[in-house]
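User: I would like to learn how to read a ligand site in a model. Please take me through one.

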Amino acid sequence: MSDKTIFARIIDRELPADIVYEDDRCLAFRDIAPVAPTHVLVVPKEPLDKIENMTESMEGLVGHLVFVASQIAKQEGLTGFRLVMNNGAEVGQSVFHIHLHVLGGRSMSWPPG
Ligand code: AMP
């Protein structure tokens, strides 16, 4: 049994996904259970379980994820969008390989639930 996360398996093409963007540092694909008309996940190819464990050397990578997310939002025609990164099961993290949710296409309330 592999100890790879679902996202590592998608990156390695062991599992299918609806991929919308790829480069040497990240992969973006549509969430399998979307909570908004646009719900894309931007996932670094280098695995890290939680954003709290990021090191200073990863600043560029994490900035890149945000840049890619903004380009995807543009590509999807979104004028307003929300970027979310859950850290910890208690706030809803379920896959322990960091990822940025790009959410848009409907109005959203604040604060989040
Ligand atoms: P989080 O709860 O922040 O860790 O987000 C994990 C997200 O991954 C959830 O929104 C899930 O719906 C999504 N997800 C889980 N498995 C897959 C999959 N095989 N393909 C696409 N998205 C997935």
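User: How many Å separate an oxygen atom of the ligand from a polar backbone atom of G92?

Analyst: A polar contact is a pair of N or O atoms within 3.5 Å; within protein, one must be able to donate a hydrogen and the other to accept it, and residues adjacent in sequence count only if both atoms are side-chain atoms. Here the distance to the G92 backbone atom is 2.6 Å. A side-chain N or O atom of D31 is 2.5 Å from a ligand oxygen, and a backbone N or O atom of V95 is 2.9 Å from one. This is a predicted model, in which local features need pLDDT of at least 70 and side-chain atom pairs pLDDT 80 or more, while totals for chains, interfaces and linings use all residues. Residues are numbered from 1 along each chain as its sequence is written, and side-chain values use heavy atoms, without hydrogens and water.

User: How many residues surround the ligand?

Analyst: A residue counts as near if one of its heavy atoms lies within 4 Å of the molecule. The ligand has 16 such residues around it, and D31, N86, G92, S94 and H101 are the closest.

User: Which element gives the most to the shell?

Analyst: Helices (H or I, at least four residues) and strands (E, at least two) are DSSP runs, numbered from the N terminus. The element is α1, with three residues. The protein chain has two helices and five strands, in the order α-β-β-β-α-β-β along the sequence.

User: What does the C-alpha trace of the protein chain span along its principal axes?

Analyst: The spans are about 40 × 30 × 30 Å.
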